Amino acid sequence: MNKYIRLAQGNGGQENNELIQKVFYKAFKNEILEKNEDAAIIHDGELAFSTDSFTVSPLFFAGADIGKLAVCGTCNDLAMMGAKPKYLTCSVVIEEGFAVSDLKSIVRSMKEELEINGAIVVGGDTKVVPKGSVDKIFINTTGIGEIIKKGISSNNITTEDLILVNRDIGCHGATIFVAREEIEMSSSLKSDCASLYPQVKALIDADIKITALRDATRGGVSAVLNEWAKQSDICIEVQELKLPISDEVRGICEILGFEPSELANEGTFVLAIKKEDATRAVEILKRFENSSKACIIAKVTHKNKQRVILNSLWGTSRFLDTPSGELLPRIC
Amino acid sequence: MEIELHNLYDDFRDSDTMKAFAKLISEDAKKLTSPINIMEVCGGHTHTIMKYGIPQLLPENIKFVHGPGCPVCIIPKERIDHAYILSMQKDVILVTLGDMIKVPGSKGSLQDARAKGADVRFVYSPLDCLKIASNNPEKKIIFFAIGFETTTPMTASLLKTVVNNNITNIFFHINHVTVPEVMKELVDNDNKVDAFLGPSHVSVISGSKIYEEFPRKHKRPVVVAGFEPVDVMQGISMIVKQFIEGRCELEVEYKRLVTYKGNIKAQKLVESYFNKADLFKWRGLGNIPKSGLKLKLEFSRYDAEVIYKDILPLEEIRDHKLCICGDILRGMASPRECTIFGKACKPTSPIGSCMVSSEGACSAYYKYANTIQ
């Protein structure tokens, strides 16, 4: 590893994983941590426990803001373990000079999103630092959820499962990228930022046989599929045409040279569902407004273990790799 | 009429068309008297070929040789060190394009410089430097300009705006290179290339005329092709047909934008600000005569290499001794023949030039096909 931290080491991809493995896992090593799930399962399997810090520029963007993001992020991690989000803490680090009206509107978004999840904030911390010490505001949320469906794990996926996604992919990443100062583009795109607990609950209530769930945040769907392939020692074969991608996201990716499957999402999750229940799961997801494009995207095989393969319509195949490096636009 | 973006590429990624070309090429290839090696000159083509699995659609007797046309890969360590040193100057914002910031020189990459406090930014269009300059009047903006014929007019256009508007805080470090000169170097060195797939974007600017001498003088057919998978398949089919019909010509597949003469306005713009440099060193290939551009003397007040000459070293730096990128770029070896490929040299820790950018041959092999055979 290099001597100084690079931006790429926060990408949710290869460099990020390496940093976590070589620094944090090495120091904190324990059985719960090594499960490498979206949330830790504690207290005899009754509780899920997760934390996430949020920094985004711009703070307010099409479809959401940092406040909504901060609640969705942690609650979604809990929901992905079959848990109902219950109690959250909220810590903020605010830069001197930050507008109180902006702070209020961020907190308002948080409140609305907490209601959707049926969760409450039960503690927090507020720090103000001199101008320049942070970029406007950083938020950390930590949450505890009550497991309502046991046994969901990314380590147990088999060839008996099919892989689904709940909606079209890459909207959040594309929205944030075009909002950057250096990229002069306008689009009608909106972040997909949303709480996923209601959808998970609907699947559990319908007794769908869920093997694994993971929200495809940084590193996108590619990162999730690669993590699953490694954790469950399987090959995941994706049919290229099946990946739902909106025209807007596709267009931005064409211009800038990105892969939609590597772009971040904040309300998109990947599901491993037992074959016999996959179609029913798609139907249930489709009842939700933001999941109208839910579909089956991949099958599980033993072809190239621990790898993800993308099959084209004309019979060729290639690997879909874990994203690496920073998201950089192509040159020409 | 309203055009949606997908209308522009849907037909060029159509599976029936792809299968039809695969069949046509396979049938034609049976009539070939000896195998042919096609060099796709441009990294964009390498990327398309690997991403869409095109070698899997071709018969045994048609092989790709991956050329040197990745603008990031070919920048030598000496010049990356220049960028690194310039970025570390207190009052400088160093601006460049895309994944140039990932490539290591002898001191590290621009990403490393940024981690140490340098202000390094990437833009999609060089003209975005204007906004950075006006937002940071106390800083010197140095544009580290890279790219082939396709991107040079954008740099020229930025310089034109800077000159006309008397902007005093934008400077240039020029690393623009041209395609025909390096192709000449490759055929002169008697490599394995039987035909060239020419990059369409370069010819949108320069016209197809720049490749005239290759079929005529060097006996290598050239087909200028687009970057979509159907474009590449059609380009290959056109090359195979030339061989079986005993022709050796310059042809254009990408007729939707490429003309013989190209974009005259863009060419004039480039000519007004740039001269040919006598030599330009390519990473992995060494010095190639007349293959680079430099600012004309009258614009030297904008030239970072002139302004900062006291702090920019000129000593030559050797490439890594185990790296065979030079041979790969000449078409003499494939990435898999390299002993450090995928081991010491990976996209996250590149050693050789072909691994540094997503358009490099080694990087494309690693990303898309390092174990699928």
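Predicted model: local features only at pLDDT ≥ 70, side-chain atom pairs only at ≥ 80, totals over all residues.
Q: Where does Leu196(A) lie?
A: In a loop of chain A. The loop runs between α5 (171-178) and α6 (197-205).

Q: Why does Leu196(A) count as buried?
A: Leu196(A) has 26 C-beta neighbours inside 10 Å. A residue needs 20 or more to be buried, so Leu196(A) counts as buried.

Q: And how many residues along the chain separate Leu196(A) from Met80(A)?
A: They are 116 residues apart along the chain. Yet 8.3 Å separates their C-alpha atoms.

Q: Let's zoom out. How many helices and strands does chain A have?
A: Chain A has 9 helices and 14 strands. Its radius of gyration is 19 Å, close to the 20 Å from the globule rule for 332 residues, so chain A is as compact as a globular protein of that length. The C-alpha trace spans about 55 × 55 × 45 Å along its principal axes.

Q: What share of chain A is buried?
A: Buried residues make up 48% of the 332 residues.

Q: And what share of its contacts join residues at least 24 apart?
A: 83%, among contacts in chain A between residues at least 6 apart in sequence.

Q: Which domains does the assignment give chain A?
A: Domain 1 is 35-147, and domain 2 is 161-319. Their C-alpha centres lie 23 Å apart. Across the contact, 23 residues of domain 1 of chain A meet 21 residues of domain 2 of chain A.

Q: On the domain 1 side of chain A, which elements give two or more residues?
A: α3 (66-79), β5 (83-95) and α4 (100-117) of chain A. The largest share, 8 residues, comes from α3(A). By class, that side has 12 nonpolar, 6 polar and 5 charged residues.

Q: New topic: strand β13 of chain A. Which residues are on its covered face?
A: Val308(A) and Leu310(A). The uncovered face of β13(A), residues 308-311, holds Ile309(A) and Asn311(A).

Q: In which sense do β10(A) and β13(A) pair, parallel or antiparallel?
A: Parallel, over 4 bridges. Strand β10(A) covers residues 235-239. Ile309(A) in β13(A) is the bridge partner of Glu237(A).

Q: And β13(A) with β14(A): parallel or antiparallel?
A: Antiparallel, over 3 bridges. There, Ser317(A) in β14(A) is the bridge partner of Asn311(A).

Q: How many residues sit between the strands of that hairpin?
A: The hairpin of β13(A) and β14(A) has 5 residues between the strands. Gly315(A) takes a positive phi there, near 85°.

Q: Now the core. Which residues touch the most other members of the largest nonpolar core?
A: Leu164(A) and Leu94(B), in a core of 209 residues. In soluble globular proteins, nonpolar side chains tend to be buried together.

Q: What does Leu164(A) touch, not counting residues up to four places away?
A: The list includes Leu271(A), Ile273(A), Ala278(A), Val282(A), Cys295(A) and Ile297(A).

Q: How many residues does each chain give to the contact of chain A and chain B?
A: Chain A gives 32 and chain B gives 38. On the chain A side, α1 (14-28), α8 (247-256) and β14 (317-319) each give two or more. The largest share, 5 residues, is from α8(A). That side has 13 nonpolar, 9 polar and 10 charged residues.

Q: Over to chain B. How many residues of α4(B) are buried?
A: 8 of its 11 residues, so to speak a mostly covered helix. Among the buried ones are Ile80(B), His82(B), Tyr84(B) and Leu86(B).

Q: What covers those buried residues of α4(B)?
A: The cover includes β3 (92-97), α5 (110-115), β4 (119-123), β5 (140-147), β6 (170-176) and α13 (304-307) of chain B.

Note on methods: Residues numbered from 1 in each chain as written. Chains lettered and ligands numbered in written order. Rg over C-alpha atoms; globule rule 2.2 N^0.38 Å. Buried ≥ 20, exposed ≤ 12 C-beta atoms within 10 Å, placed from the backbone. Contact = placed C-beta atoms within 7 Å. Nonpolar A, V, L, I, M, F, W, Y, C, P; charged D, E, K, R; others polar. Core = buried A, V, L, I, M, F, W, Y, C linked by C-beta atoms within 7 Å. Domains from an automatic or database assignment. Pairing = 2+ DSSP bridges.
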